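Open the model in your viewer and keep the selection tool at hand. The tour goes from one surface to the next.

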Protein chains: 2
Amino acid sequence: MTESSSSPQPRRSDTTRNAILAAARERFAADGYERATIRAIAKDARIDPSMVMRYYGNKEGLFAAAVSVDLELPDLTALPRQDAGPALVTHFLRMWEDNDVLTALLRVGATNEAGAERMQGIFRDQVLPVTRAVCPDPEQVPTRAALVATQLLGLALTRYVLRLPAAVALHPREVVAWLGPAVQRYLTAPSP
Amino acid sequence: MTESSSSPQPRRSDTTRNAILAAARERFAADGYERATIRAIAKDARIDPSMVMRYYGNKEGLFAAAVSVDLELPDLTALPRQDAGPALVTHFLRMWEDNDVLTALLRVGATNEAGAERMQGIFRDQVLPVTRAVCPDPEQVPTRAALVATQLLGLALTRYVLRLPAAVALHPREVVAWLGPAVQRYLTAPSP
DNA sequence: AGTGTAGGCCAACACGTGTTGACCCTTGCG
DNA sequence: CGCAAGGGTCAACACGTGTTGGCCTACACT
């Protein structure tokens, strides 16, 4: 029970709110924005659809509340520079494996303009800074970060969204062993 | 009753059919499956929505007819083995730049189960064989093809769907220079 | 010419959606 | 106890969707 951190008193309805958010995350991740209906989410949360509106205003508000992403990216300056790539891949893999939100965001980002913008924001606010810490030439930071995103989001897409069998079958160890060096190269290798 | 199916006479309605398909491709690419409405497609084609049903049965049939993908992958055995990666990247880049269908398919694949299955089919029927021609160990073919897909689809996702500014800004030459070696490594480098 | 058939439009149906407002029930406090 | 306030439900609205069937029109063939 958290009471003094930001919201003064725990409301009696918090469990319902959380149930709604959990159900919303699941359905957005599974179905995307349009096909995840408020009625279905409410049903999952064992609640009336109108409660969703009461608490979150409208569908967009629900999505905004349900999908807030903190990649918790590690501080890459803390380890040897040539380990950054594998470390990033490892972190992403674990993050995606047990986090509906990321799949939801990717699915929605692929169809919904607002979703795409949100992903751009995450890239700008979370990926770029971390890249900046590792990459020598500041001018190359956006390019290199974009290349990294290319590879990591491609992994997420094929493995968690499209579910290409061959991509799903990869053992996490294999993924790190293969993608780690590739990402490392995007981060620190001299421009070709 | 009518003519044979192999090379029938050009029907009077072919221009309409093509207009519908073109409009469908555009809208599916721009909006994804659910938000691309038959009414909107019909309007673009300057036609009544019911014509779409007459010619393609239902929305799913329209999608199936509109999105038929031939990647026209080059024969990688025709060039030096170490050029396969850059050649693949170059080909994909050109393919995506002027082909709505691919973006449409990716968008739909991200939300729609049927779309995802279609992408799996393309991977199986078109990407796997080409990889097989280049990759020495047959047992590794699925893995390596999946890795390639990871990188190439990641590029398409960030550049054409999410439109991350830094990914859009990359000059095609840069893309090839950076991704070419990465793809090459996935194809032919010894397993790590 | 006449006529059958394919091309095309219109209006409507059934349904599912997001959203709303009126109405209960429980809780906590005076 | 009484009673306000918030948590929760019900039924309905307005709208957009995929889809259907009836009707009109213009061409092609005999």
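How do the residues of the surface near DNA strand D divide into nonpolar, polar and charged? They divide into six nonpolar, six polar and six charged (Ala, Val, Leu, Ile, Met, Phe, Trp, Tyr, Cys and Pro count as nonpolar, Asp, Glu, Lys and Arg as charged, and the others, Gly among them, as polar). This is a predicted model, in which local features need pLDDT of at least 70 and side-chain atom pairs pLDDT 80 or more, while totals for chains, interfaces and linings use all residues. Residues are numbered from 1 along each chain, chains are lettered from A and ligands numbered from 1 in the order written, and side-chain values use heavy atoms, without hydrogens and water.

Select DNA strand D and the 18 residues around it; a residue is near if one of its heavy atoms lies within 4 Å. Those that come nearest are A:D48, A:M51, B:T37, B:R39 and B:K59. Then pick A:D48, where a backbone N or O atom lies 3.0 Å from a phosphate oxygen of DNA strand D.

Next, show chain A and chain B together. The contact (heavy atoms within 4.5 Å) takes 47 residues from each of the two chains. Between these chains there are two salt bridges, each a side-chain nitrogen of Lys or Arg within 4 Å of a carboxyl oxygen of Asp or Glu. Select B:E34 and A:R35 to see a salt bridge at 4.0 Å, N to O.

How values were computed
Polar contact = N/O pair within 3.5 Å; in protein donor to acceptor, adjacent residues only side chain to side chain.
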